[in-house]
Amino acid sequence: NSSDLSPSFILASIPGLEAAQSWMAIPLCSAYILAVAGNCAVLLVVRLEPSLHAPMYFFLCMLAAIDLALATATVPRILSFYWFDSREIGFGACLLQMFLIHTLSAIESTVLLAMAVDRYVAICHPLRHAAILTDAATAKIGLLAMARGVLFFLPLPLLLLPLPFCGSRVLSHSFCLHQDVMNLACANTTPSVVYGLTAILLVMGLDAVLICLSYILILKAVLRLAAWRERLKVFSTCIAHICAVLAFYVPLIGLSVVHRFGKDLAPLVHIIMGNIYILVPAVPTPIIYGVRTKQIQRRIL
């Protein structure tokens, strides 16, 4: 029960199924391999196919790289725990993993917003699309997304760094999240709570509102078209992006609700929601874009 400025934490095991964790890691590993293969295929196809050298597919490459980094920052560590019973994670490693998870999620949210703006300009102002979203502008948006994620979420581990930790060191997930680590501190965590909530609202919350606004404007433009077939054809160019947005925000909202209101839920729910939050955005996005984009299909074949 003694406090320690540099403690280690214990990753959460699957309650009641500790003996079967090595078997349950197999589908997790399979999903990770699928995510790596799918996102690497997207990166390679866009690089090799000149017809895909457009802002929408450059943003898709950013999304694929982010999903690769996010999955790689967490899943190998989870697999080492499930297969080799490596439950303990050091304080520094936990803070680094926590920083990567939150920062990469913020960057992904910004890229999804940029893709929504790309769809808005392509549908509502098609003649100005090439002039507005140039290659240079796309690169600047990518750099801005990275800077935004780092600047907003770098303070999270810095606020936890001086806190003492005592009592239980067992996390709620098989990886480190800010709220999970913060709840184990035996000190006043009000600054960390306030800043964490503010950062999430100003990044993910604001991005979600702006994405919804973009699609309201897109729907208004589509409904002004005369023929239903033309409306469906134009709006179908947004289907893949809408699926990518849902794959990112639904697990994020679900995990937030579990943390906020799920204190009485079984620990298994926390672990399942955490794993869904890590892997669901990374797996379906390349599949969706592969199905919806004929150039990607041809290159893969």
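How much space lies in the largest pocket? Keep that in mind while you get the viewer set up; this is a predicted model.

**Stop 1: the annotated spans.** Start by colouring the stretches that UniProt, in an unreviewed entry, annotates as "transmembrane region": residues 20-45, 57-79, 99-121, 141-165, 193-218, 239-262 and 268-291. Now zoom in on a couple of them. Select residues 193-218 and you'll find 100% helix and 0% strand, with the end C-alpha atoms 36 Å apart. Then jump to residues 268-291: here the span is 83% helix and 0% strand, and its end C-alpha atoms lie 33 Å apart.

**Stop 2: a patch on the surface.** Next, pick Trp23, Ile26, Trp83 and Phe84 and show their side chains. These four form a nonpolar patch on the surface, and together they have about 520 Å² of accessible area. Show the helices as well: α1 (21-48) and α2 (55-84) each supply at least two residues of the patch. Click on Trp23, which sits in helix α1. Is Trp23 buried or exposed? Its relative accessibility is 64%, so Trp23 counts as exposed.

**Stop 3: the largest pocket.** Back to the opening question: the largest pocket holds about 770 Å³ of space. Its lining is made of 28 residues, and the ones closest to the pocket's centre are Gln179, Gly196, Leu197, Ile200 and Ser256. Select those five and centre the view on them. To see where the lining comes from, bring up α3 (91-124), α7 (178-182), α8 (190-223) and α10 (239-261), each of which supplies at least two lining residues.

Conventions
Residues are numbered from 1 along each chain as its sequence is written. This is a predicted model: local features need pLDDT of at least 70, side-chain atom pairs count only at pLDDT 80 or more; totals for chains, interfaces and linings use all residues. Side-chain values use heavy atoms; hydrogens and water are left out. UniProt positions are given in the numbering used here, feature names are shortened, and annotations may be inferred rather than shown by experiment. Helices (H or I, at least four residues) and strands (E, at least two) are DSSP runs, numbered from the N terminus. Patches are made of residues with over 30% relative accessible area and no salt bridge: like charges are joined within 9 Å, nonpolar side chains (Val, Leu, Ile, Met, Phe, Trp, Tyr) within 5 Å. Accessible areas come from the Shrake-Rupley method with a 1.4 Å probe; for residues, only the protein chains shown count as cover. Buried means under 20% relative accessible area, exposed over 50%, partly exposed in between (1.4 Å probe, protein chains only). On a 1 Å grid over the protein atoms alone, a cavity is a set of points where a 1.4 Å probe fits but cannot get out, and a pocket is an open set with protein on both sides within 12 Å along at least five of seven lines; lining residues have an atom within 4 Å of a point. Grid points are joined across faces, edges and corners, and a volume is the space filled by probe spheres set on the points.
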